[in-house]
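Please look through the sequence and the model below before reading on. The report then takes up a loop residue, a pair of helices and a sheet.

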Amino acid sequence: MSKIRNIVILTGAGISAESGIDTFRAGANGGPSLWEQHRVEDVATPEGFARDPELVLRFYDRRRAAIQTKEPNPAHFALAQLDAEWAGELLIVTQNVDDLHERAGARRVLHMHGEHLTAWCSSCDVRSPLTASLIERPPCPVCAARTLRPDVVWFGEMPYRMDEIYAALRTCDLFVSIGTSGAVYPAAGFVQNAVELGTETLELNLERSQGSGMFHETRLGPASALVPQWVEEMLA
């Protein structure tokens with residue numbers, strides 16, 4: 001433990017599911033998955049948006065409104081504490097589009113799949129804060145074009161800031177995965193990158209993921225219990 005200075009943490013849907021946020025995979029929070037309510041091809045691909053933009057905008061408007069009613073849970077607050085008190089390098093890479101890490105107080109956060117509180121203008125390529133609805137096609141605050149879309153990485157699109165993520169993985173001493181299925185790439189490949197570099201790896205998950213066999217250690221249980229316990233160990 002004394003040799004660990006730089007940490008990269010990957011968080012997935014499991015950490016936010018405990019705050020009541022719907023996930024794309026069934027069972028994460030006891031309710032139906034978004035995939036059971038909508039075909040992923042219809043609401044999470046560029047082709048679906050081109051085919052039926054109103055369906056996609058309405059879907060993300062409802063999701064944006066719902067997420068803003070949720071609150072961070074103990075796992076989010078524990079990671080925020082680690083962020084505030086850890087003297088070494090630390091990067092929280094989240095696959096989630098919610099802002100629960102930030103609302104809990106974390107600052108060293110990177111959203112590789114975008115954010116629900118920003119909109120992307122496909123005309124001028126600028127991302128702007130967003131809390132209102134997109135279904136009425138509001139103008140871009142920069143270029144005034146009515147070409148705003150959710151700032152969310154859809155299937156078939158490249159996640160954001162991958163160069164920064166891989167740079168952090170190359171220099172970290174510990175890679176931790178929290179609440180992820182290990183099924184969605186490129187995030188699912190981060191543990192392999194870490195292992196190949198000789199980095200210590202830890203998985204904190206409700207159940208074993210598809211990549212569990214590659215981790216040096218796996219701890220099973222709810223994130224709201226496992227993460228505070230792990231952070232306490234790290235800061236002791």
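## A loop residue, a helix pair and a sheet

Phe155 lies in the loop that runs between β6 (148-152) and α8 (162-171), where helices (H or I, at least four residues) and strands (E, at least two) are DSSP runs numbered from the N terminus. The model is a predicted one, in which local features need pLDDT of at least 70 and side-chain atom pairs count only at pLDDT 80 or more, while totals for chains, interfaces and linings use all residues. Residues are numbered from 1 along each chain as its sequence is written, and side-chain values use heavy atoms, with hydrogens and water left out.

With a relative accessible area of 38%, Phe155 is partly exposed, a term for values between buried (under 20%) and exposed (over 50%), computed with a 1.4 Å probe on protein chains only. Phe155 and Glu47 are 108 residues apart in sequence, and their C-alpha atoms are 9.8 Å apart in space.

Helices α6 and α10 form a pair whose axes come within 7 Å and cross at roughly 20°, the axes being lines fitted to C-alpha atoms, for helices over the stretch in contact, with angles from 0 to 180 degrees between N-to-C directions. That angle makes α6 roughly parallel to α10, because angles under 35 degrees count as such.

Terms used
Parallel < 35°, antiparallel > 145°, perpendicular 65-115°, else oblique.
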